[in-house]
Amino acid sequence: MRMLKRNRALLPAIGAATLLATLLGAPAHAAPAGNGPGSSGNGGGAMTFNQPKHQAHSNAAPMQCRELTVDGGFETPKLGKGDDYMQFDVDDVPGWRTDDPDGKIEIWGGNMGVAPRFGKQFAEINATGSYNSIYQDIKTKPNTKIYWSFWIRARDSSDSKDVDATSIHFSKTPKNDTSINGVNGQFAYSNSSDDVKWKRLYGWYKTGPNQTSTRVTLTADESASTDEGYGNLVDGLTITEAPNCM
């Protein structure tokens, strides 16, 4: 079954990247799609991801590339034949949860004018609401750096170029699930993207003492459309303990 959404009005476009908070973390960076990871700089001890792997770890044994996320590319559940997109109940999407008002996570295929950055599917953060988040808890080691990367893109909702702003947030998983952003807010980074191409965001985050579970949250900070259920496409979230795995 094909599903179409109506056209929606625009909010003013969001401009340059905005660093929200860095209480315990490391520099985050943005790179345009098609040009690799880009130049990241070494501030705060972060490793540049555009270094060749043999240079990045020339004197150390290679680390195993173990993915910490579940379904970071939104390949499950699979869309049915003829479906351009589908709003799934959160319980049907492995690993992920949401604060969407209807408890939905929206997954797209490649027939809505946007090709997935990886695989055959990706997600739209705003399923039925606005300024929504999707999040998951990952197992982590205390006092350990983890390296993250994901891709963002605005949804085309007008005849002009649209811009959405999306953020990633890391924190300790809360007890009793009291906050989508976890507890002791530690690291958040927001950046904007247009509706022309995918844009990569990446960086690293260091866990705190006794932090064996970390909540990772992706949030629709601003959307070009003012109507609910539009905006903030994401794909390819990957988190590992080794920078050469990115």
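Predicted model: local features only at pLDDT ≥ 70, side-chain atom pairs only at ≥ 80, totals over all residues.

Biologist: What is the handedness of that link?

Modeller: The link of Cys 65 and Cys 245 is left-handed, with -85 degrees about the S-S bond.

Biologist: And which parts does the pair tie together?

Modeller: Cys 65 sits in the loop between helix H1 (53-56) and strand E3 (85-89), while Cys 245 is in the segment after strand E13 (233-240), so the pair connects parts 180 residues apart in sequence.

Biologist: Next topic. How many salt bridges are there?

Modeller: The structure has 8 salt bridges. One of them is between Asp 89 and Lys 104, at 2.5 Å, N to O. Asp 89 belongs to strand E3 and Lys 104 to strand E5 (residues 104-108), so that pair links distant parts of the chain, 15 residues apart.

Biologist: Which residue does Glu 124 bridge to?

Modeller: Arg 155 is the salt-bridge partner of Glu 124, and their closest N and O atoms are 3.3 Å apart. Glu 124 is in strand E6 (residues 122-124) and Arg 155 in the loop between strand E8 (145-153) and strand E9 (163-172), so this bridge ties parts 31 residues apart in sequence.

Biologist: Is that pair buried or exposed?

Modeller: Glu 124 is buried, and so is Arg 155.

Biologist: What about Asp 177, which residue does it pair with?

Modeller: Asp 177 forms a salt bridge with Arg 215, with 2.8 Å between the closest N and O atoms. Asp 177 lies in the loop between E9 and strand E10 (183-194), and Arg 215 in strand E12 (residues 213-222), so they tie together parts 38 residues apart in sequence. Asp 177 is partly exposed at 38%, whereas Arg 215 counts as buried at 1%.

Biologist: Which strands pair with E13?

Modeller: E6 pairs with E13 in the antiparallel sense over 2 bridges. Glu 124 has Leu 233 as its bridge partner in E13. E8 also pairs with E13 in the antiparallel sense, over 6 bridges. There, Ile 152 has Val 234 as its bridge partner.

Biologist: Now the backbone. Where is the cis peptide bond?

Modeller: A cis peptide bond joins Thr 76 and Pro 77, with omega about -5 degrees. Pro 77 is in the loop between H1 and E3. Most peptide bonds are trans.

Biologist: Which residues other than glycine have a positive phi?

Modeller: Tyr 131 is one of them, with phi near 55 degrees. Tyr 131 lies in the loop between E6 and strand E7 (133-139) and is partly exposed, at 48% relative accessibility. Asn 176 is another, with phi near 60 degrees. Asn 176 is in the loop between E9 and E10.

Biologist: Is Asn 176 buried or exposed?

Modeller: Asn 176 is exposed, with a relative accessible area of 74%.

How values were computed: Residues numbered from 1 in each chain as written. Heavy atoms only, no water. Disulfide = S-S within 2.5 Å. Helix = DSSP H or I, 4+ residues; strand = E, 2+ residues; numbered from the N terminus. Salt bridge = Lys/Arg side-chain N within 4 Å of Asp/Glu carboxyl O. Buried < 20%, exposed > 50% of the residue type's maximum accessible area, 1.4 Å probe, protein only. Pairing = 2+ DSSP bridges.
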